[in-house]
Amino acid sequence: MTEIQTYLCSNQDLKYRDFQSKLIPTVDKSYFIGVRTPVLRAYAKEVAKNEIRHEFLAELPHATFDENQLHAFVISLTKDFDECVREVQAFLPYVNNWATCDQMSPKVFKKHRDKLLPLIDKWLESGREYTVRFGIKMVMEHFLDEDFREEYMKKIARIRSDKYYINMMIAWYFATALAKQYDAAVKYIESGAIDTWTHNKAIQKARESFRVSDEHKQHLISLKK
């Protein structure tokens with residue numbers, strides 16, 4: 001851990017730290033070291049191949065945002081599905097901001113989508129803000145293309161939360177769905193299946209997308225509440 005913390009501190013960028021802390025207001029500024037993302041990604045590849053990997057992943061909770069980001073990147077490189085799931089499950093309770101949640105995107109999940117579905121159910125029902133957000137993100141990443149599942153669109157539409165970062169992810173999910181699975185997704189917007197704030201935010205994000213046609217955008221404008 002000392003080796004990793006020393007490396008991170010030696011790559012500190014104070015201006016970047018200040019910039020990051022403004023983007024993530026839910027945690028104190030002192031939580032940030034200020035290591036740029038490309039540096040963290042490159043270092044994650046080294047840690048992932050090093051014997052220090054298991055010690056680092058087991059050392060929870062971490063003291064800094066940058067360690068959590070590194071943790072998310074190392075997990076994302078894990079090649080064995082079952083091992084990756086164990087690492088994700090152990091880490092999710094300690095994820096305390098949207099950025100760390102969103103950076104965790106295990107590549108191996110793409111090869112095991114059917115095994116992923118029961119895990120997503122548990123994440124969506126967990127009640128923990130960033131665990132729920134992660135579950136929605138996994139549906140968005142893995143089940144809006146060739147493996148599209150409308151049953152999960154229905155599950156996400158039913159989520160009701162007072163947590164900002166859950167509702168933002170729901171809006172992001174439906175905006176992406178309007179770009180990839182318009183006919184299915186627009187039904188949920190037309191019927192008012194999601195709460196008003198999230199409904200309007202999804203429309204806003206869809207209208208900002210280059211992947212949604214002008215014709216569809218015009219229809220979405222008429223559905224704004």
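Predicted model: local features only at pLDDT ≥ 70, side-chain atom pairs only at ≥ 80, totals over all residues.
Helices (H or I, at least four residues) and strands (E, at least two) are DSSP runs, numbered from the N terminus. Residues are numbered from 1 along each chain as its sequence is written, and side-chain values use heavy atoms, with hydrogens and water left out.

**Stop 1**

Select H71, which lies in helix α5. Is H71 buried or exposed? Its relative accessible area is 1%, and H71 is therefore buried; buried means under 20% relative accessible area, exposed over 50%, and partly exposed in between (1.4 Å probe, protein chains only). Now display what surrounds this histidine. Not counting residues up to four places away in sequence, H71 touches F56, L57, L60, H62 and F91, where contact means heavy atoms within 4.5 Å.

L60 and P61 are joined by a cis peptide bond, with omega at about 0°. Most residues other than glycine have a negative phi, and most peptide bonds are trans. P61 is found in the loop between α4 (52-58) and α5.

**Stop 2: Helix α2**

Select residues 14-23, which form helix α2; Y16, Q20 and S21 are buried there. Seen down the axis of α2, these buried residues fall within an arc of 135°, so they line one face of the helix. The arc is that of the directions from the helix axis to the C-beta atoms. Turn to the other side of α2, where K15 and K22 are exposed. What covers the buried residues of α2? The cover includes α3 (37-49) and α5 (65-76).

At the start of α2, zoom in on D13: a side-chain oxygen of D13 reaches to within 3.1 Å of the backbone nitrogen of K15. A polar contact is a pair of N or O atoms within 3.5 Å; within protein, one must be able to donate a hydrogen and the other to accept it, and residues adjacent in sequence count only if both atoms are side-chain atoms.

**Stop 3: Helices α9 and α11**

Two packed helices are described by the angle between their axes and the distance between the axes. Select α9 (residues 129-142) and α11 (residues 164-180): their axes come within 9 Å and cross at roughly 5°. That makes α9 roughly parallel to α11. The contact is made by E129, Y130, V132, R133, I136, K137, V139 and M140 of α9 and by Y164, Y165, I166, M168, M169, I170, W172, Y173 and T176 of α11. These residues divide into 13 nonpolar, 1 polar and 3 charged.

For these terms, axes are lines fitted to C-alpha atoms, for helices over the stretch in contact, and angles run from 0 to 180 degrees between N-to-C directions. Angles under 35 degrees count as roughly parallel, over 145 as roughly antiparallel, 65 to 115 as roughly perpendicular and the rest as oblique. Ala, Val, Leu, Ile, Met, Phe, Trp, Tyr, Cys and Pro count as nonpolar, Asp, Glu, Lys and Arg as charged, and the others, Gly among them, as polar.

**Stop 4: Two residues of α9**

Within helix α9, select E129. At 19% relative accessibility, E129 counts as buried. Leaving aside its neighbours within four places in sequence, E129 is in contact with K163, Y164, Y165 and I166. A polar atom of the side chain of E129 lies 3.4 Å from the backbone nitrogen of Y165.

Next, select K137, also found in helix α9. K137 counts as buried, at 3% relative accessibility. Which backbone oxygen does the side chain of K137 reach? It is that of M104, at 3.2 Å. Apart from residues up to four places away in sequence, K137 touches C101, D102, M104, S105 and M169.

**Stop 5**

Select E208, in the loop between α13 (196-207) and α14 (214-222). E208 counts as exposed, at 53% relative accessibility. E208 and A175 are 33 residues apart in sequence and 9.2 Å apart in space, C-alpha to C-alpha.

Finish at Q218, in helix α14. Q218 counts as exposed, at 54% relative accessibility.
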